[in-house]
Structure formats: structure tokens, C-alpha cells
Amino acid sequence: KNRVFVGKVSSILTSEVHSVKAGGELSGKLSNLIMSHYNLGSTTVTGIPMKEEQNASSSANYDVEIFHAAAAHTSILKGNAADSALIRTQRDGTDYETVTLKWCTPRGCSASEMQNCIAMHRITPADVNR
């Protein structure tokens, strides 16, 4: 079982020791710690078609998780509670939720069929490294 030991080193420094099994549990725990430390959110885009290098004539669908500033979810989750519950899912082996979006290639769509933009947030690896 995962255990956490917290100790106060001084008035401005605390220490934590996490006991986690190696493998899948370790990557999940690291993701949890990184997200809480940097105040990040998670968005998972599902069903992204990508060509396979070995077989260029076919494509496979992949899911990609993106970490970004947690504030990016504020506008999308403040709407209808029932609607926002549909896109929030628990990541396997982790203690955090991700907003799940399905990849959609707009083939032949007109501007009236596209969704209106309600907010815009920069989501880049450089934001996390600052």
C-alpha cells in the first residue's frame, strides 16, 4: 500500500517521503506530485489518427494526455454541471481527473457547424518550465 510520511524540517520547509511500488504506480504518483506542485490540469485528447511508420497505408488512433495550467479548465467546467461531468474522467492508477476531448477532423464543415470559442489558454511545455 502507498504510504506518505510528512515531516516539518523548519518553519519554511517540510519533507515528504512517498512509498510506492515500481512500475505503473510510480509513474502515476509522479504525475500526481508534479500536478499538485505546479498547479497543473490534465486534458486527454482521444482518437487522434496517426500514420504508422511501418505501414504508411494505415493509421491507428492514439490518446494523448497534455499537462497545462489548471486555469485552462476553469471556463470549460463552469458551465452546466451535467455536461462538465461527461468530460471529466479519472485517470487509471492516479488520484486526479482529466478533461477528455474527442479528436474530430472537420471535413466539409461550415463555420456554422463549428463550436464558438469561449476561452483561450496557452498550453506549451515552456509554461511548465518557467
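How many salt bridges does the structure hold? I looked this up in the predicted model and found one salt bridge.

**Entry 1, the salt bridge.** I identified the partners as Glu 97 and Arg 88, whose closest N and O atoms lie 3.0 Å apart. Glu 97 has 39% relative accessibility and counts as partly exposed. Arg 88 has a relative accessible area of 36% and is likewise partly exposed. Both values fall between the cut-offs of 20% and 50%.

I turned next to H1, which covers residues 24-38 and has 15 residues. From its first C-alpha to its last, H1 reaches 22 Å, close to the 21 Å expected. Which residues of H1 are buried? I noted Gly 28, Lys 29, Ser 31, Asn 32 and Met 35. These residues cover an arc of only 160° around the axis, so they sit on the same side of H1. In general, residues three or four places apart in an α-helix point the same way, because there are 3.6 residues a turn. Just after H1, I recorded a positive phi of about 55° at Asn 39.

I found about 190 Å³ of space in the second largest pocket. Of its 14 lining residues, the closest to the centre are Met 35, Leu 40, Gly 41, Tyr 96 and Glu 97. Met 35 is also one of the buried residues of H1, and Glu 97 is the residue that forms the salt bridge with Arg 88. H1, strand S3 (40-51) and strand S6 (97-102) each supply at least two lining residues. By type, I recorded the lining as five nonpolar, six polar and three charged residues.

Key. Residues are numbered from 1 along each chain as its sequence is written. This is a predicted model: local features need pLDDT of at least 70, side-chain atom pairs count only at pLDDT 80 or more; totals for chains, interfaces and linings use all residues. Side-chain values use heavy atoms; hydrogens and water are left out. Helices (H or I, at least four residues) and strands (E, at least two) are DSSP runs, numbered from the N terminus. The expected span of a helix is 1.5 Å times one less than its number of residues. Buried means under 20% relative accessible area, exposed over 50%, partly exposed in between (1.4 Å probe, protein chains only). The arc is that of the directions from the helix axis to the C-beta atoms. On a 1 Å grid over the protein atoms alone, a cavity is a set of points where a 1.4 Å probe fits but cannot get out, and a pocket is an open set with protein on both sides within 12 Å along at least five of seven lines; lining residues have an atom within 4 Å of a point. Grid points are joined across faces, edges and corners, and a volume is the space filled by probe spheres set on the points. Ala, Val, Leu, Ile, Met, Phe, Trp, Tyr, Cys and Pro count as nonpolar, Asp, Glu, Lys and Arg as charged, and the others, Gly among them, as polar. A salt bridge is a side-chain nitrogen of Lys or Arg within 4 Å of a carboxyl oxygen of Asp or Glu.
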